[in-house]
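Welcome, and please take a look at the structure below. This short briefing then walks through some of its features, topic by topic.

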Amino acid sequence: MFPRFAAAGVIAALVLGCAPTPTFDPASLDDPQRSEADRERDARSRPAEVVPFLALEPGDQVLDFLTGGGYYAHILAGVVGPQGRVLAHNNAAYHEWVGPDIDARFEAAGLSQVMLHERELDDLGLAPGSLDAALMVACFHDLYFVDVENDWPAVDADRVMAQIAAALAPKGRLVVVDHLAGPGRAQRDAQALHRIEPSFVVEAWEAHGLRLVERSEVLFTGRDQLDRSVFDPEVRGRTDRFILVFERDCRRSPCA
């Protein structure tokens with residue numbers, strides 16, 4: 001099981017002795033305000049496989065870190081319901097990249113529980129212990145990516161992780177989904193290939209007081225080539241993406 005993870009010395013089983021993950025209500029995908037592009041993306045991103053790892057309940061508060069165009073934030077709004085809160089985060093560079101559509105998406109859908117949260121990465125403006133969960137999809141590797149010409153300077157990754165970890169409530173969950181890098185590559189492929197090794201991700205978050213509780217290769221396609229950029233036409237949309245699930249562990253990092 002998990003041959004590529006096992007080769008990296010990280011993952012040997014799907015669940016690490018934690019409670020079963022709640023099932024996902026597919027009605028969250030049926031919002032008629034979701035675009036045709038969103039529905040086409042469902043087949044590739046498989047949110048019904050990803051969102052349950054957050055273990056959200058109605059009324060929860062969740063951060064969608066670097067939400068981009070708001071694809072996942074829209075789905076999460078249906079999960080937490082009108083009494084919950086979704087922080088749809090972008091920094092200025094991401095907002096410019098996705099364009100103005102996100103500004104209208106949630107207003108048009110009447111989703112008052114979604115708050116557009118535009119903050120730079122060095123100051124996310126998250127209250128301590130305020131989040132029940134946080135989601136990072138295909139963006140953790142961006143903490144180790146640099147493109148100064150396109151307004152993406154070097155990021156203080158530890159500062160970002162410290163802010164998110166502190167914002168999680170006790171037992172609050174963080175779900176990281178990203179493109180798989182080969183064994184021993186750590187963060188070195190983030191720049192050229194937009195990939196990262198799961199063992200590196202685990203070590204980084206554990207250093208900030210989180211505990212790995214679940215992991216999955218359900219988003220593996222078997223058609224990836226780990227030496228190719230995720231934007232290479234031969235693998236784009238068909239990369240192997242790992243899922244890692246963490247919880248804030250107050251024994252490792254004191255909770256307020």
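Helix 4 lies across strand 1, strand 2 (85-90), strand 3 and strand 4 (131-137), where contact means heavy atoms within 4.5 Å. Its direction is at about 170° to strand 2; axes are lines fitted to C-alpha atoms, for helices over the stretch in contact, and angles run from 0 to 180 degrees between N-to-C directions. Helices (H or I, at least four residues) and strands (E, at least two) are DSSP runs, numbered from the N terminus.

This is a predicted model: local features need pLDDT of at least 70 and side-chain atom pairs count only at pLDDT 80 or more, while totals for chains, interfaces and linings use all residues. Residues are numbered from 1 along each chain as its sequence is written, and side-chain values use heavy atoms, with hydrogens and water left out.

- Seven strands make an open, mixed sheet in the order 3-2-1-4-5-7-6, and two strands pair if DSSP finds at least two bridges between them.
- From one strand to the next, the twist averages 20°.
- Strand 6 runs antiparallel to strand 7 (residues 241-248), and seven bridges join them.
- R215 has L244 in strand 7 as its bridge partner.
- Helix 6 lies across strand 2 and strand 3, at about 160° to strand 3.

**The largest pocket**
- The largest pocket holds about 1,600 Å³ of space.
- A pocket is an open set of points on a 1 Å grid over the protein atoms alone, where a 1.4 Å probe fits, with protein on both sides within 12 Å along at least five of seven lines; lining residues have an atom within 4 Å of a point.
- Its lining has 50 residues, and R41, G68, Y94, W97 and V98 are the closest to its centre.
- Helix 2 gives the most to this lining, with six residues.

- Y94 and W97 both lie in helix 5, three residues apart.

Methods
Points joined across faces, edges and corners; volume = space filled by probe spheres on them.
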